[in-house]
Amino acid sequence: MQQDNNKNKNKNKNKEDNEENVLIFQGGGSLGAYESGVYKTLAKHKIWFDIIGGTSIGAVNAAILTSHIISYQKTKENNNDNDNSMEYASKILEQFWYEMENTAVPQFIAEFFPSKNRNYFAALYFTLYGHPKAFLPVWYYPQNITKLITFNIPYLYDSSIFKNILNKYIIFENLRKNKETYKKERKLYPRLILSTTNIKTAEPVSFDTENEDITIDHILACVGYPFYNISWSEINGDYLWDGSLIRNDPLKLVLETSPYIPKRVYICDVYSNRFPSLPNNIFESWHRARDIVFLDKLFIGKSQSDHLKKYRDRLEDLYDIVINSKLSDDVNKQFLRVKSECEELIKRRGMIIKDLIHIVRKEKPSSLFEDADFSLSTITEYIEKGEKDADFALLDHPESSS
């Protein structure tokens with residue numbers, strides 16, 4: 001038995017002690033179910049994450065997982081039971097997505113139509129009636145009718161009812177500020193980092209459990225996507241929209257807020273970076289344009305990271321040369337004056353992405369409204385597809401899987 005426990009601990013490591021595993025979830029509406037399937041596979045492979053970050057619906061997924069991993073770890077605090085905590089959290093996230101199924105969409109229609117046509121029908125239904133557990137149209141409220149007629153309302157869907165299901169699936173007590181705990185116990189308690197956009201300043205805003213309590217208002221701020229006419233949120237005098245308006249994943253914020261340790265990044269890309277042909281109609285044009293806007297731009301960040309790594313390596317070479325040389329007192333003084341600055345630059349090697357595991361969803365068939373379909377058939381398809389794609393991605397990175 002002891003031998004099996006040691007084996008699990010070794011499998012669960014998947015990284016050096018001076019590295020951090022980072023899991024990044026994008027925004028994408030109902031495509032968040034695909035991310036649930038991805039994590040199901042990552043948990044099966046016992047890959048532990050020091051940081052979990054999310055934007056939009058990815059922020060919801062990240063918060064659910066983090067809060068339940070911490071909940072499980074608190075009950076097993078002395079056992080370091082990372083493997084079971086991940087699988088437990090994965091099951092909770094999958095339950096959330098099956099509860100997010102829009103039962104208002106007639107099931108016989110959802111099952112009868114192929115997925116592409118089903119997407120169109122579900123999107124039309126969402127436009128007219130919203131989602132009964134998340135977003136209600138403002139015309140359901142009589143006091144808004146005059147505002148609608150006069151075009152004097154800045155959004156069409158109220159997200160306040162989303163609080164009910166969020167409170168059910170996120171344990172906010174476990175998402176409170178605890179900087180020292182995250183520093184000392186990052187192998188037990190993942191750090192959660194979420195992203196939003198400040199409406200007035202157009203600046204990215206991050207929420208980080210190392211520095212602040214994450215509340216239900218923070219989660220609602222993450223899902224306020226204006227192009228789907230969802231309301232914004234107000235937190236401490238700041239008015240916030242979905243973080244995808246700036247970037248559809250929080251990786252840049254993660255690197256900036258946790259710069260001192262190199263990263264192995266697992267990123268779930270729900271939008272396709274490849275399209276088989278030119279668009280044939282206006283819907284395909286909109287669809288392709290949306291994918292380009294929202295797909296992961298990590299290749300840019302990876303290029304910058306690689307450049308920084310080369311710069312760091314040359315800086316360390318220069319550092320060694322100076323240390324091993326016989327210098328005059330004046331030169332020594334100058335060297336000591338800049339030494340601390342050089343050391344700080346070297347420390348910031350955490351901006352380095354040492355490895356990238358890119359899990360990309362392939363669209364078959366493609367549909368403009370794939371992210372607005374919450375029917376049971378589609379949720380199930382997305383979860384199963386996420387599992388398979390994650391398994392396939394890990395084949396290219398055997399050192400990252402157990």
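**A buried alanine and its surroundings**

Tutor: Happy to. A122 is buried, with a relative accessible area of 4%; buried means under 20% relative accessible area, exposed over 50%, and partly exposed in between (1.4 Å probe, protein chains only). Bear in mind that this is a predicted model: local features need pLDDT of at least 70, side-chain atom pairs count only at pLDDT 80 or more, and totals for chains, interfaces and linings use all residues. Residues are numbered from 1 along each chain as its sequence is written, and side-chain values use heavy atoms, with hydrogens and water left out.

Student: Which helix is A122 found in?

Tutor: A122 belongs to helix α6, residues 115–129. Helices (H or I, at least four residues) and strands (E, at least two) are DSSP runs, numbered from the N terminus.

Student: And what does A122 touch, leaving out residues up to four places away in sequence?

Tutor: A372 and D373, where contact means heavy atoms within 4.5 Å. There is also E370, 248 residues apart from A122 along the chain, with 9.0 Å between the two C-alpha atoms.

Student: Switching to pockets: what is the volume of the largest one?

Tutor: About 820 Å³. On a 1 Å grid over the protein atoms alone, a pocket is an open set of points where a 1.4 Å probe fits, with protein on both sides within 12 Å along at least five of seven lines; lining residues have an atom within 4 Å of a point. Grid points are joined across faces, edges and corners, and the volume is the space filled by probe spheres set on the points.

Student: OK, the core next. Which residues have the most contacts inside the largest one?

Tutor: F96, W97 and F162, in a core of 69 residues. A nonpolar core is a set of buried Ala, Val, Leu, Ile, Met, Phe, Trp, Tyr and Cys residues joined through side-chain atoms within 4.5 Å. Helix α3 (residues 57–75) supplies the largest share of this core, eight residues. A second, separate core has eleven residues, including I24, I193, I353 and L356.

Student: What is F96 in contact with, beyond its neighbours within four places in sequence?

Tutor: V60, N61, I64, F162, I165 and Y169.

Student: Is α3 largely enclosed or open, and why?

Tutor: Largely enclosed by the rest of the structure, because 16 of its 19 residues are buried. From first C-alpha to last, α3 reaches 28 Å, close to the 27 Å expected at 1.5 Å a residue; the expected span is 1.5 Å times one less than the number of residues.

Student: How far apart are the end C-alpha atoms of α4?

Tutor: They are 26 Å apart, which agrees with the 26 Å that its 18 residues (82–99) should span. Among the buried residues of α4 are M86, I92, L93, F96 and W97.

Student: Last topic: which loop is F151 in?

Tutor: The one between α7 (145–149) and β4 (157–158). F151 has a positive phi of about 55° although it is not a glycine, and it is exposed, with a relative accessible area of 77%. N229 also has a positive phi, near 60°, and sits in the loop between α10 (216–222) and β7 (233–235). N229 is partly exposed, at 30% relative accessible area.
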